[in-house]
Amino acid sequence: MSDMNLTLHIWRQAKGTAAGAMKTYQVKGISEHASFLEMLDVLNEQLQEKGEEPVAFDTTAARASAACARW
Amino acid sequence: MCSLVINGRPHGPDAGTTTCQLHMRRFKDGDEIYVEPFRAGAFPVVRDLCVDRKAFDDIVAAGGFVTANVGSAPDANAVPIPKEQADRAFDAAACIGCGACVAACPNSSAMLFTAAKVAHLANLPQGQPERLRRVKAMVTAMDAAGFGNCSNHYECEAACPKGISKDYIALMNRDYAKSVFVAKDAKAVSDGAG
């Protein structure tokens, strides 16, 4: 399968007390072998290149030992 | 720990899978994907897709432990536990506290999480001395955190990446009822009634 182009609708909220909203992004060239969190990394790289704030998401377990999935 | 609702389902479309084990081969070219944080009053959004799950820590701090002077590590088989009982305790202990059960529940109930923590120790001999005190403290902490109650939708069981059974909620409810009656009995004795 070739790489994928996707449309992402992601909840953006600057902080807990701020109003949030869904925002739409396009990501291109995502490998089918990538994990979902790696796909979000690709999006964040694109956002940072454009000078936008990256999407905040929790990755502690995935980047350490994926304890939550393998325990 | 990942806390994403992907296309309306906590941890995404695969059963028994956390977000960090979800791969893009599950999607097709041109797909639209909706990504949201876990939604619950007791899990306030910190930023974007991050939520604060301190409420779970409060529940565990209220009773998810055994108060015992354990000394050095005991012999592995010094306390015999029947295999079936050990399996039930281990199945409950498999809960990773991700909060998918809360995000999936229409009431934002944390009863599957709390029940898993209660059942883990309730199925072991080490958990018996404090069993009723524990369940009462943990349910009280759960209510204080603002989680809703269970109304038997069982969305929690379907969303749980570790396959925690809803049967543990029944165990917790039975133990909670016992703890209420024991407390009433104790009060009646202290008041001088029969």
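A residue counts as buried here when its relative accessible area is under 20%. Keep that cut-off handy for the tour, and remember that you are looking at a predicted model.

**Stop 1: chain A**

Select chain A and colour it by burial. Of its 71 residues, 42% are buried. Now switch to a surface view: the accessible surface of chain A is about 4000 Å², and carbon and sulfur atoms hold 49% of that.

Go back to cartoon and trace chain A from the N terminus. You'll pass the elements in the order β-β-α-α-α, which gives two strands and three helices.

**Stop 2: a helix pair in chain B**

Next, select residues 83–93 of chain B, which form helix α2, along with residues 111–122 of chain B, which form helix α4. Two packed helices are described by the angle between their axes and the distance between those axes. For this pair, the angle is about 150° and the axes lie 8 Å apart. Angles over 145 degrees count as roughly antiparallel, so α2(B) and α4(B) are roughly antiparallel to each other. Turn the view so that one helix lies over the other, and you can follow the left-handed crossing of α2(B) and α4(B).

Show side chains at the contact. From α2(B), pick A89(B), A92(B) and A93(B); from α4(B), pick A116(B), A119(B) and H120(B). Sorted by class, the contact between α2(B) and α4(B) has five nonpolar residues, one polar residue and no charged ones.

**Stop 3**

Most residues other than glycine have a negative phi. Chain B gives you a couple of places to look at against that background.

Start with H11(B), in the loop between β2 (9–10) and β3 (32–37) of chain B. H11(B) isn't a glycine, yet its phi is positive, at about 70°. Is H11(B) buried or exposed? Its relative accessibility is 1%, so H11(B) counts as buried.

Then jump to D48(B), which sits in the loop between β4 (45–47) and β5 (50–51) of chain B. What is the phi of D48(B)? It is positive, at about 45°, although D48(B) is not a glycine either. With a relative accessible area of 2%, D48(B) is buried.

How values were computed: Residues are numbered from 1 along each chain as its sequence is written. Chains are lettered from A and ligands numbered from 1 in the order in which they are written. This is a predicted model: local features need pLDDT of at least 70, side-chain atom pairs count only at pLDDT 80 or more; totals for chains, interfaces and linings use all residues. Side-chain values use heavy atoms; hydrogens and water are left out. Helices (H or I, at least four residues) and strands (E, at least two) are DSSP runs, numbered from the N terminus. Buried means under 20% relative accessible area, exposed over 50%, partly exposed in between (1.4 Å probe, protein chains only). Accessible areas come from the Shrake-Rupley method with a 1.4 Å probe; for residues, only the protein chains shown count as cover. Axes are lines fitted to C-alpha atoms, for helices over the stretch in contact, and angles run from 0 to 180 degrees between N-to-C directions. Angles under 35 degrees count as roughly parallel, over 145 as roughly antiparallel, 65 to 115 as roughly perpendicular and the rest as oblique. A crossing is left-handed if the near helix is turned anticlockwise from the far one by less than a right angle, and right-handed if clockwise. Contact means heavy atoms within 4.5 Å. Ala, Val, Leu, Ile, Met, Phe, Trp, Tyr, Cys and Pro count as nonpolar, Asp, Glu, Lys and Arg as charged, and the others, Gly among them, as polar.
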